[in-house]
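Here are my notes for your review. Please read them with the structure open.

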Amino acid sequence: MSPPPVRTDREPITKRFPHLGDVAEVHWQAGAAGTGDSRVPGPTDIRIEALVVLQPGDRVSAVEQYEWQPAPAGWDGTLGAALRPFLPDSGNWQVNEQYAADVRTTKYHGVVYLDTTSGTVYLRVIDG
């Protein structure tokens, strides 16, 4: 099974994650979570992985509104190969659990990191 295409349409991301604001740029992929050979009927959980560039004002707001801690070392090891070219060259990747909860809303679970230098948000979430 081939990986899902990298998408650049903003509306599906801003609709799902309104706390990000009117984003400047987005590169993302979505696909069914788990394995494709499951025989269990029912709804399919969707995994979304995205690199979202915030508008400058939203970046400043996020940086000032939350207390940030460094993101875990090696966090980018899980970043999909198709999205890796859109990762900022060098960044100051930070995490704040309240910011992550605000971005994810109650519908999604997963990680949310912010590069406070470029205003790029990394999302790796699953619905459910």
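**Notes on the fold**

1. Start with the contacts of H27. Beyond its neighbours within four places in sequence, H27 is in contact with V6, R7, T8, E49, A50, L51, L83 and F86. Keep in mind that this is a predicted model.

2. Where does H27 sit? Its place is in strand 1, residues 25–32. Is H27 buried or exposed? Its relative accessibility is 10%, and buried means under 20%, so H27 counts as buried.

3. Six strands form an open sheet with antiparallel pairing, in the order 1-2-6-5-4-3. Strand 1 and strand 3 (69–70) are the edge strands, and each of them pairs on one side only. As background, strands of a sheet pair through backbone hydrogen bonds, either parallel or antiparallel.

4. Strand 2 (residues 46–53) and strand 6 (residues 120–127) run antiparallel and are joined by seven bridges. Along this pair, V52 stands opposite V121 in strand 6.

5. Helix 3 (residues 97–104) packs on the sheet. It touches strand 4 (93–95), strand 5 (108–115) and strand 6. The direction of helix 3 makes about 120° with that of strand 5.

6. Which residues of helix 3 are buried? They are Y99, A100, V103 and R104. These residues lie on the same side of helix 3, because they cover an arc of only 125° around the axis. Their cover includes helix 2 (56–65), strand 5 and strand 6. Note that strand 5 and strand 6 are also among the strands that helix 3 touches.

7. Check the two ends of helix 3. At its start, a side-chain oxygen of N96 reaches to within 2.8 Å of the backbone nitrogen of Q98. After the helix comes T105.

8. T105 deserves a look at its backbone. Its phi is positive, about 60°, although T105 is not a glycine. For context, most residues other than glycine have a negative phi. T105 has its place in the loop between helix 3 and strand 5.

9. How exposed is T105? Its relative accessible area is 32%. That value falls between the cut-offs of 20% and 50%, so T105 is partly exposed.

Conventions. Residues are numbered from 1 along each chain as its sequence is written. This is a predicted model: local features need pLDDT of at least 70, side-chain atom pairs count only at pLDDT 80 or more; totals for chains, interfaces and linings use all residues. Side-chain values use heavy atoms; hydrogens and water are left out. Helices (H or I, at least four residues) and strands (E, at least two) are DSSP runs, numbered from the N terminus. Buried means under 20% relative accessible area, exposed over 50%, partly exposed in between (1.4 Å probe, protein chains only). Contact means heavy atoms within 4.5 Å. Two strands pair if DSSP finds at least two bridges between them. Axes are lines fitted to C-alpha atoms, for helices over the stretch in contact, and angles run from 0 to 180 degrees between N-to-C directions. The arc is that of the directions from the helix axis to the C-beta atoms. A polar contact is a pair of N or O atoms within 3.5 Å; within protein, one must be able to donate a hydrogen and the other to accept it, and residues adjacent in sequence count only if both atoms are side-chain atoms.
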